[in-house]
Amino acid sequence: MKKITPYILLSFLLAACTANIPQNFSESKEATEIFPDFSNITIPSNIAPLNFQILTEADKYVTRFSNGSYEYLQSGNTINIPLSKWEKLMANSNKIEVDIYSSHHGSWVKHPTFTWQIAEEIDPYISYRLIPPSVESYERLSINQRNLTNFEETVIYANSMVQHDDNGQCINCHHYKNWETDQMMFHARQYLGGTVIINNGDMKRINLKTDSTISAGVYPAWHPTHNYIAFSTNKTRQSVHTNNNNRIEVFDTESDLILYNIDKNSVSIVENDTAEFECFPAWTPDGKTLYYVSAHFDYGFGSDREEYIVKNHKSIHYNLYKKSFNPETAAWGKPELVYDAASEDKSITLPRVSPDGRYLLFTMGDYGVFHIWHKDANLYLMDLQNGSTRELSEINSSDVESYHSWSSNGKWIIFSTRRDDGGFTRLYLSHLGEDGKFTKAFPIPQQSPDYSTNFMFSYNIPEFMKEPVSVSPKEIASFFKNSETIQANYTKTVNE
Amino acid sequence: MALTDSKKIIEKYGFWIYSLLLAIIVFYTLGVEYNEWLIRIESKSLFIYNSDFFKETVLVPTGLLSYISLFLTQFLHSPLIGATIFTLLLFFSAFITKVAYNISDRDSIIAFLPAVLILIINGSIGYALYTLKSPGFFFMPVLGYAISTTAVWGISRIKSPVLSIPAIIIWCFLGYLSFGIYALAATVAVTVVQYKRECINVARIAILLFAVIFLVFTPLITYNLTTTVSSVSKTFLLGIPNLTAGQHSSVFGTAFAILIAIQIALSIYKPLPQAKAPSYLFMQSGILIIYLLSAYLCWFRDPNFKAEIAMSNAIDNNNWKEVCNIHKEISDKYINSDRKAYEKLSAKANIATSPAELENLIEETKGKFYEPSRMMVQFKNLALVKLGTEANQAFAYKDGGRIQKFKNTIPIALQCGKQLYLHYGLPFFAYRWCIEEAVEYGWNVDNLKYATLSCILTGDYGVACKFLDKLDKTLYHKRWAKEVRKYIDHPSLIAEAEQFKSIKQLMCYDSTLDNDNAVIESYLIKHFTTHRPQNATPQFDKVAMLWALQTQDIATFWKCFSNYIQTNDTQKMPRYYQEAALLYGNLEKSVNISNMPFDKAVLTSYENFNRFSSGHAVRSIEVSRFPYSERFGNTFYFYYYFIRNLNTY
């Protein structure tokens, strides 16, 4: 008897933990509230399990996942789907149905079923910068990479690795050529700063600031076919709103575009009209056109330029432009206005062309260049075939939508938004349908459903990657400490 | 005979006598004298009861030490409990030192050396409290030392080298990852103990070899696997509370070095030779006096620091009367010493023959007079604003701007920027300083609470909820979180709530883009005296008057005064406004004051001031300040003439 007692106890325990669909229940029309809101979304076929929490108050819960041929049940209000079960659910299916049953005082209720439509694969990795939403401080900053097919997250590079007493480093934008990580770059400023370019195993730290340009390269765009990187060069300032929920205003007092030729280590001007603030370059997939934004500003060069901009920051509006480019000769065509946002009292930032060249996704807000702090900033889609533009109301929220990028197959976008709490930026995914419409956006899944609630950093500059970065953080840190900065040369621009 | 008996008693019961002495002194110092300090330390830390916090804290080198330290730090919120825990841990550190290193009863006083050093380390922190990057710092040294020394004791019990070598290796590896430098020091100590014990050369060499390999390679491997440490040398020092570079005192660093050295050196301890009773007792008393004196002298005992912290805590509790009382008490405490200092200065000044001699004299006596810090003055002014008595009482308190007696000045912005901005109706700036502090030094109870209050005032309820979710999971602050959450659930309550009402009245300005350049006083002066909104509230103009008076600028006063009389009841004009108008009106004839209905008392005090001035020529502000302050300290005239050249930071 003694020998079997533990087994009996274990059986009771297992029985207590095993979820069963209640035999008697009533149907409710009231949908359960879940966090994150994963209800009725389209998901990539290779995404990590969508763990969530059921927020609707109840005594007991049973959740049933079914793809028609396989079903998995879980009890409790925190749903943590094991990877093996998830793989079975995702295998050979195009839809998963989720039923949630909740029990109140012994009577069970079945809530409306929601579904997960399974669509094309997504690039397995993303990288992003983790940054606290502060004004000046940056004690801990890192570029991390996340495997979207599971929950693995690793550091690509962190500023803590080179910090020396009070000498800190601020990590800026990172970028890849064609979603492949053997050609990548990022910029770090201040202590040991420079633009790091990793080109098929060859790591270099370049100083892109020349006597003829404003600053080092800021917002990068790696040319899809040739070894060029287009950058904006900016004199950026920031100020604090005394009584405005946008909190911080980041603006440029000078802004141009440059082109860096990696092979020749040379910098040339793309646009440097003194009456224009040119910014955010983005290539078309064929590399023959560069889109960018530019704001007209002909105040001049007075010493109180910054003060003037501070006072008139709401009147600075960026339009969308494009320029033709010959990759073989590096010759530029003339700027062409694509979207006159200023005439609508709007301002465009962050244009990104889809991999098939059909669409152009951009952010538009009421004014300015730094939309991550603008609650009115939303995503817009321009159909480059017919030139029509529409606001993406299906994925926008009442809070900020800002930085975004396309997956390599053009079926998915990832974008940063502050919709969760209004203060901390989170990453959301959405699928582009054949009809040119996006499906309901959802946050990148996390192992722990309330992870993003607890996490006190913002995610920004999300970029898709086909594979993880193979250079280790230590190699990059060591490179910063031990390498010399290479000065880029200035060359004259070729115009068609 | 008596000496011999005393010696026998000390030899037999010395450890317990010293323990009792240690317990009484430490418990009294922390639990009673420095209880406000303990509360502040706790507010600068955060311990959350959830798995994400555990993972985030523990999964870095020395994370376990931080986690346990943070766990214990939360109890400092209740100073008597916190002081008890710390006292017990200090006692345990002495006890385990005695046991681990086989310190004889006769020499038991040596076992208290680490405890004294730990006290010095904690007590010397001073203003670095505001720039600590290891929020669990208070318990880190005592825990790190005590646990590592326990490991020395445990591994030393293992007699066989076959078992002791793996034990050293495992301890070195896991101990280092959990407790950092303390574990490395303990590894050295235990290696020496085992080395000394072994008679076989092979075993000795093996112990030494493995220990050295793991002592060197464990930190090196860790360095290569982690992304949180910037250099190899720092990897060996993990576990030492991380302070902003340049902010720690030399006492802190020296005491730490000695603590680590002692942990290693005790491994070669041999009982001291027998001494005769007088010599023995003399030596014991000598060591005891050195211990007590070192701890006393190395402790950061700045009265302003202590007062600032107590005032800050009172502000957190909206106890505005207490803020004023603390300021008053400390000024009153020094009134006699100020008088003596004045008498000395006055006597010497009377015989000074040249201005240069007088200057030298003044320079020499600087610091002899008590002077509050700017932060104290601003806290007091804020409290008076909250109590509505600033226009009649602001100058009844001692004014000044003594610089912190610390290595580097910690800006007011870092110490209390969020408090001042929040209560002066600038919640966006308050939030900004909460975030800046959190980014540099980590999220803690203090910045989470002020960030929450700021967000409630600015209507950013989503972010406020995020902060409250954290505070909900703390031991001592969940009640506060519950109280505050009701404002998010029912925003209509905000307007009626006492704590928000006075702040809301000051939020009547239009938004502009601005920067304070981390100098808060200057910014508040600018905000209130030059950025008057069109729809300024009476409260805004009242506060503007306080700042205008502080500027000692005549034009600013008249500008704010004319605003004030537009929005406020002028039937009963506050005293300082009358005094300033009377003084400025007479100094500069830019405003005609002949028709102003001054109170008789104000006219009399002004006459008295002038009469006294004509009979007491002011050779130097410094020399004359004290006698004038005794007669006219509570007037604007005194403030205008004698409180000059204040430094803000």
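In this predicted model, strand β27 of chain A, spanning residues 347-353, runs antiparallel to β28(A) and is joined to it by five bridges. Within this pairing, Val353(A) is placed opposite Leu360(A) of β28(A). The hairpin formed by β27(A) and β28(A) has five residues between the strands, and in this hairpin Gly357(A) adopts a positive phi near 80°.

Strand β28(A) also pairs with β29 of chain A (residues 378-383), again in an antiparallel arrangement, through six bridges, and here Met364(A) stands opposite Asn378(A) of β29(A). The strand β28 of chain A, which covers residues 359-365, is mostly covered, as seven of its seven residues are buried. Tyr359(A), Leu361(A), Thr363(A) and Gly365(A) point one way from β28(A), whereas Leu360(A), Phe362(A) and Met364(A) point the other way, and all of these residues are buried.

Several backbone features are found in loops. Most residues other than glycine have a negative phi, and most peptide bonds are trans. Trp179(A), although not a glycine, has a positive phi of about 65°; Trp179(A) belongs to the loop between β14 (169-177) and β15 (180-190) of chain A. Because 18 other C-beta atoms lie within 10 Å of Trp179(A), this residue is classed as partly exposed. In chain B, Gln552(B) likewise shows a positive phi, near 60°, and is located in the loop between α28 (538-551) and α29 (554-567). Gln552(B) counts as partly exposed because it has 17 C-beta neighbours inside 10 Å. Finally, the peptide bond joining Phe35(A) and Pro36(A) is cis, with an omega of about -10°, and Pro36(A) lies in the loop between β2 (34-35) and β3 (41-44) of chain A.

How values were computed: Residues numbered from 1 in each chain as written. Chains lettered and ligands numbered in written order. Predicted model: local features only at pLDDT ≥ 70, side-chain atom pairs only at ≥ 80, totals over all residues. Helix = DSSP H or I, 4+ residues; strand = E, 2+ residues; numbered from the N terminus. Buried ≥ 20, exposed ≤ 12 C-beta atoms within 10 Å, placed from the backbone. Pairing = 2+ DSSP bridges.
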